[in-house]
Amino acid sequence: MLEPTIPENEADRLKELESFSILDTLEEADFDNLTAIASQICGTPIALVSLLDENRQWFKSHHGLDVSETPKKYSFCGHAINSPNEIFVINDSRKDERFHDNPLVVSDPKVIFYAGIPLVTESGLPLGTLCVIDNQPRELKSEQIKSLKALSQQVVNLLYLRKKEKELEEAVKQLKVKNDDLDKFAFVAAHDLSAPLRNISALSELFMEIYHDNLDERGREFLRLIKQSSIKLRDMVDGLLEYSRNENHVREKKETIEMAVLTDYISGLFSANPSCTIRWKTSIKQLHTNRSGLHQILINLISNAIKHNDKPHSFITIDLSETNKKYKWFVKDNGPGIPKEFHEKIFEIFTALPPKKIGVDSNGIGLATVKKLVESFGGEVKIKSELGQGSTFHFTIRK
């Protein structure tokens, strides 16, 4: 018996094999299907996807064979990978000096016939073989060899697909960790800033009341600017807090919501504003969803409609319909409208339209929060609007 010669590029080959993270993994149906097809096409009882590491050949799939690995020094595949661009065929191993006294020949599984196609990577390195085995001599027809080569390429494709899926899973995992860290940072930073900003606003107002008569108009204007700036910054901080909190809404349980209760609650929040009218149009009596998340979506959309309205009176119409799979909401206002070129940008966090487009300053957080919540509930949000024609926000929530 002659042991396989170690390839000159063995270190690179082993490194390439390791990069696929496949050794000692569980059986997978995709690989098993290919070995079953190879066995059927070639008429052999055994077909293997064999991968060679430093000391053994390990079988990712072993159709017709009970063992999952054998020593590398006895492997036929170890010889096959030394000619990576050719099929390696042994019609009768008992007549070949390399194998005639090999333990895998003289004992079970009695490898008399062997045909292996090297599994070659994009960098030209053979990881192992797709091989077929019989315990009696045989020869393969050209059509069988052609099919075996095609199947070997599918094995390589599966290896790369599996590798890319693992890389994608790892990338998603790392991205989630980074996003979680960013959300935590935003929450902590916003929370720590909130109290000092409220103090600045309150102190500036108190200072204005106490020392109003002692200040000239310029001094009073400075105080007004300080108060306005602190309020604006406080609103942004509150928006960041809500944006970072809304993941908690996803984890909360869904519940049955009476539409009458919902309309009374939402309308009641804005009832103190005499220049705002909210109309509800729906025949739905109940819906089943996450209450706090839905509240936050509607409050943000209504608040935006009021804040950016350029009319003496804000009219907001809220419509709800449903399909078998989702709830469909429409929130329409009579505001200034939004140009089409901004329809996608308005949902990006910290992206706000210039005041001349919407009438007042915006911190660019409210609609980003709406989008994040809606998508976390398995829906989508869109806007239909033209300048001067008001805006209609359409969002769906999966049932």
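Patches here are made of residues with over 30% relative accessible area and no salt bridge, with nonpolar side chains joined within 5 Å. In this predicted model, one such nonpolar surface patch comes to about 490 Å², and Leu203, Leu206, Phe207, Ile210 and Tyr211 make it up. Phe207 sits in helix H5, which spans residues 142–211. Because its relative accessibility is 37%, Phe207 counts as partly exposed.

Turning to the inside, the largest nonpolar core holds 36 residues, and the ones touching the most other members are Leu294, Ile297, Ile316, Trp329 and Phe395.

Six strands form an open sheet with antiparallel pairing, in the order E3-E2-E1-E6-E5-E4. Strands E3 (69–71) and E4 (88–90) stand at the edges with a single partner strand each, so each has one side left without a neighbour in the sheet. From one strand to the next, the twist averages 25°. Within the sheet, E1 (residues 46–52) and E6 (residues 126–134) run antiparallel and are joined by 6 bridges. As for individual partners, Val49 has Leu130 in E6 as its bridge partner.

How values were computed. Residues numbered from 1 in each chain as written. Predicted model: local features only at pLDDT ≥ 70, side-chain atom pairs only at ≥ 80, totals over all residues. Heavy atoms only, no water. Core = buried A, V, L, I, M, F, W, Y, C linked by side-chain atoms within 4.5 Å. Buried < 20%, exposed > 50% of the residue type's maximum accessible area, 1.4 Å probe, protein only. Patch = residues over 30% accessible without salt bridge, like charges linked within 9 Å, V, L, I, M, F, W, Y side chains within 5 Å. Areas by Shrake-Rupley, 256 points an atom, 1.4 Å probe, with all protein chains shown as cover. Salt bridge = Lys/Arg side-chain N within 4 Å of Asp/Glu carboxyl O. Helix = DSSP H or I, 4+ residues; strand = E, 2+ residues; numbered from the N terminus. Pairing = 2+ DSSP bridges. Axes fitted to C-alpha atoms, helices over the stretch in contact; angles between N-to-C directions.
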